[in-house]
Amino acid sequence: MAAGDSTVLHLSSQTTGLTARVHPLVIFNVCDSYVRRPDQAVRVIGTLLGSVLADGTVEIRNCYAVPHNESSGQIALDVEYHHNMLLSHQKVNPKEVIVGWYSTCFGVTSGSVLFHEFYSREVSNPVHLTVDTGFSNGQASIKAYVAINLSLGDRQLAAQFQEIPLDLRMVEAERVGFDILKKQSVDKLPSDLEGMEASMERLLALIDDVYKYVDDVVEGRAPTNNNIGRFIADAVASIPKMTPSAFDKLVNDGIQDQLLLLYLSSITRTQLSLAEKLNTAAQIL
Amino acid sequence: MANPTTAAAAVARSFLQAASTEDVSPPLRVVQIEGLAILKIIKHCKDFSPSLVTGQLLGLDVGSVLEVTNCFPFPMREEDDEIEADGANYQLEMMRCLREVNVDNNTVGWYQSTLFGSYQTVELIETFMNYQENIRRCVCIIYDPSRSNQGVLALKALKLSDSFMDLHRNNNFTGEKLREKNLSWVDIFEDIPIKVTNSSLVSAFMTDLEADSPVTQCDLSRLQFSSTPFVTRNMEFLIECMDDMSAEQQKFQFYYRNLSRQQAQQQGWLQKRRAENMARKAAGEEPLPEEDPLNPIFKPIPEPSRLDSFLITNQIANYCNQVNGVAGQNFNRLYLMKALQDD
């Protein structure tokens, strides 16, 4: 992919300010289709669905695998399947369109060029996502590429796959809780209070870290950093300053409100069981 | 020797017995969902909230565990004219396509989103009965996106209890039947515990890609103090439900009043008949029968079905539980605030 003697050869002028954002569902889907691939296939190819935002960011929201054939030299993709799945998905979510394709191998191979050409017929400037399921570098690498045309004067020579920055938005995964998604099996979903407990523990750990850091800085063990110091000062100062009595009143009001709610719901439940008894009581006529 | 033959006969009998006993499936104890299915459900429900959406669950039924390995969403139904055939076509198409990529295309149930936990409706029960005819064991997964904004993963797996299904099949919800079976409103739906599994590849990826900061969005939404809108909506729904409940109870009152009035009328009529018969006997005529099936006051009044009131009761209980949960969280937050302020 070297540019060679660059006096004549030049990349096309659109430096893509393109970035891609991937939702965690896509990663899960890709891994799942890799695990379920037919025995003779080495990698899995599939279509990426999503939308292109106003500032040019490509948001990849969903994907599905497409059966393909990669025997010696010959490459075939099941186009009809691809179209059928696209139609089905669009029935549910008409706003999701094709934004590219994925493959589960490390880096871009020669075979990918043909697939990429096929997808560029479907949508302009498709994004090619590689999800390295083989962990070749000893770490998970997910990269996104866009094809840039290399042209010599007026002639199109080749296409270069240029990597674009990828943003892994894990917001939904965070909501569900990484613990649930990380382990191989979780026996029970955490209830309200258990979740609160976990969050508070994390908050406590954070506060401890900050404490230690400040101590280190004060005793000269760690280098001072004005920005961090300012952040910490801001955070501590954001606790609203109130007279203790005003604050106590606030807290007490809050507690009383919650108690009221609890009381109401308990009364309702008692009423329910009472009504139940009355309703199915034996009628003595 | 008789022994080998009797032994052989005994073995043969036991084999026949084994072959003829029906395969009794162990009761469903746990629903095992894959992280992929959970993410898909969450995405679908969140994208379309506040409207309610449904989708199909695919997986395997193994022993006492129901595994859900994948799912796909159903498109929104606007009008019902040609959508019936379309819907069936869509389902078949999706199942066929998923089969080609080796996904288990065995339907094990469906999922639906709900708003503030108001999912116990007659339609749910009817859908359950429909599914139960074709599949031996099916489950319904309910996801509540509004409650998940409070930081709780509000995912629930439901199943109709067997005794309730029997009753429903006979469509018989009168008071005596219910007392016979000792069925109360708690027994309609069974809550099945959920277990989450992930394939090793996915868990390797997630472990690697986990965000570095120890504070996640989940924590932020949990520690946030403004649960007021959620609680107010919840209370509103609760109040509406109570209104519905009192309407149902009025119906029952009406029925009982009518019943007792009818009884009184019957008694009165019977008295009159008896008096008449005495008079006739005195006059030496044939006594009239003491029953008159054609008289309208003997027509039995149908007892209103208790199904609706049960469902409403269930919903109210659900709202109460939710309010309790949120109140608990709020208590925690308040005390936390207090502790921070003291420092």
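Colleague: Lys249(A), is that buried or exposed?

Modeller: Lys249(A) is exposed, at 53% relative accessibility. Exposed is over 50% relative accessible area, buried is under 20%, and partly exposed is in between, with a 1.4 Å probe and protein chains only. This is a predicted model, where local features need pLDDT of at least 70 and side-chain atom pairs count only at pLDDT 80 or more, while totals for chains, interfaces and linings use all residues. Residues are numbered from 1 along each chain as its sequence is written, chains are lettered from A and ligands numbered from 1 in the order in which they are written, and side-chain values use heavy atoms, with hydrogens and water left out.

Colleague: And which side chain meets Lys249(A) in a salt bridge?

Modeller: That is Asp253(A), at 3.2 Å from N to O. A salt bridge here needs a side-chain nitrogen of Lys or Arg within 4 Å of a carboxyl oxygen of Asp or Glu. Asp253(A) is partly exposed at 33%.

Colleague: Where do Asp253(A) and Lys249(A) lie?

Modeller: Both are in helix H8 of chain A, residues 244-279, and they are four residues apart, about one turn of the helix. Helices are DSSP runs of H or I with at least four residues, strands are runs of E with at least two, and both are numbered from the N terminus. In chain B, salt bridges with shared partners join Glu93(B), Arg96(B) and Glu100(B) into one network.

Colleague: How many salt bridges over all chains?

Modeller: Six, from a search of the whole structure. In one of them, Arg61(A) pairs with Glu59(A), and the closest N and O atoms are 3.9 Å apart. Arg61(A) is partly exposed at 21%, whereas Glu59(A) is buried at 7%.

Colleague: What does Lys43(B) meet in a salt bridge?

Modeller: Glu96(A), with 3.0 Å from N to O. This pair crosses between chains, from helix H2 (residues 35-48) of chain B to the loop between H2 and E7 of chain A. Lys43(B) counts as buried at 14% relative accessibility, and Glu96(A) is also buried, at 3%.

Colleague: What else does Glu96(A) touch?

Modeller: Leaving out residues up to four places away in sequence, Glu96(A) touches Leu49(A), Gly50(A), Arg61(A), Asn62(A) and Gln90(A) as well as Lys43(B). Contact means heavy atoms within 4.5 Å. The loop that holds Glu96(A) runs between helix H2 (79-92) and strand E7 (97-103) of chain A.

Colleague: OK, rings. How many aromatic pairs over all chains?

Modeller: Seven. Rings of Phe, Tyr and Trp (its six-membered ring) pair if their centres lie within 6.5 Å; planes under 30 degrees apart count as stacked, over 60 as edge-to-face and the rest as tilted. Trp101(A) and Tyr119(A) are a stacked pair, 5.8 Å centre to centre with 0° between the planes.

Colleague: Which parts does that pair tie together?

Modeller: Trp101(A) is in strand E7 and Tyr119(A) in helix H3 (residues 110-122), both of chain A, so the pair links parts 18 residues apart in sequence. Trp101(A) is buried at 0% relative accessibility, and Tyr119(A) is buried at 0% too.

Colleague: What about Phe72(B) and Phe74(B)?

Modeller: Their ring centres are 6.0 Å apart and their planes are at 80°, so the pair is edge-to-face. Both residues are buried.

Colleague: Which residues do ring pairs link into a cluster?

Modeller: Trp101(A), Phe118(A) and Tyr119(A).
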